[in-house]
Amino acid sequence: MTTDWTDLIDQVARDLRDPDHAVWSTDELAGYLERALSAYARHAPRYLSAVLESAAGAYSYDLSSIDGLLELVAVWYPWDPARPQVNPPPICPHALVEDGAVTIFPPAPPRGTPQDQLRLLYTAEHTVAGRHEAATTTLDAWGLAMVALGACAWAALARQVGEIGAVTPTGRTPAELAAYGEICRRGFAHGLEQARRLTMQRQDVRVIREARV
């Protein structure tokens, strides 16, 4: 399975029997892929961590520097990168009281020292090489196949509404498009549920990758 965004668009076009983009433009298919990728990420996101420097007396911290942030899972504070093996981890109460920022509620004011940092555990969107200047693809072959399947579903179901009473350039009638789109939709929904269950099973054994911010 391809890992390049352009090739992924072409794969969807081939699956739709429209390799020359006579029915669906490249931009249209890219839009459907974006929707499918977003849906997949909500069910099977990446799990990452980032370290933010604390500031003396500051309780609110900007999260805009964390690319692809979906959900903040936990905040470890105070966090000393020189002593990463902490058991139990110093989980700190926190709240997202405003967009793009987290507020922590530690027992003592932050000191702003190298031993007094924040480690954020969070979920993030997947990347595909060539999409939004991404250099790497974080989806495996199965994930890429699921995203392509979801894009096919949305493309076919959306097109069949506008093609009622006509035969499309792909040779499919609106009814055939609707049937094909529904098959893809069901397959995508089943795949999302499988991805969600597998992600939940992996939680206790996952390795959280560190990302410096």
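A salt bridge is taken here as a side-chain nitrogen of Lys or Arg within 4 Å of a carboxyl oxygen of Asp or Glu. The structure is a predicted model, in which local features need pLDDT of at least 70 and side-chain atom pairs count only at pLDDT 80 or more, whereas totals for chains, interfaces and linings use all residues. Residues are numbered from 1 along each chain as its sequence is written, and side-chain values use heavy atoms, with hydrogens and water left out.

A search of the whole structure finds seven salt bridges. Three of them are listed below.

| Pair | N to O distance | Separation in H4 |
|---|---|---|
| Glu182 and Arg186 | 3.0 Å | four residues |
| Arg196 and Glu193 | 2.5 Å | three residues |
| Arg197 and Glu193 | 3.0 Å | four residues |

Helix H4 spans residues 174-202; helices (H or I, at least four residues) and strands (E, at least two) are DSSP runs, numbered from the N terminus. Glu182 and Arg186 lie about one turn of this helix apart, and about one helical turn likewise separates Arg197 from Glu193. Glu182 and Arg186 also belong, with Arg185, to a network of salt bridges.

Solvent accessibility is described in three classes: buried means under 20% relative accessible area, exposed over 50%, and partly exposed in between (1.4 Å probe, protein chains only).

**Nonpolar cores**

In soluble globular proteins, nonpolar side chains tend to be buried together. A nonpolar core is defined as a set of buried Ala, Val, Leu, Ile, Met, Phe, Trp, Tyr and Cys residues joined through side-chain atoms within 4.5 Å. The largest such core has 33 residues, of which Val12, Leu16, Trp24, Leu29, Leu33 and Tyr40 touch the most other members. Two or more residues of this core come from each of helix H1 (5-15), helix H2 (26-43), helix H3 (141-162) and H4. The most is given by H3, with nine residues.

Contact means heavy atoms within 4.5 Å. When neighbours within four places in sequence are left aside, Leu33 is in contact with Trp5, Leu8, Ile9, Val12, Val147, Ala148 and Ala151. A second, separate core comprises 16 residues, among them Leu52, Ile66, Tyr77 and Leu118.
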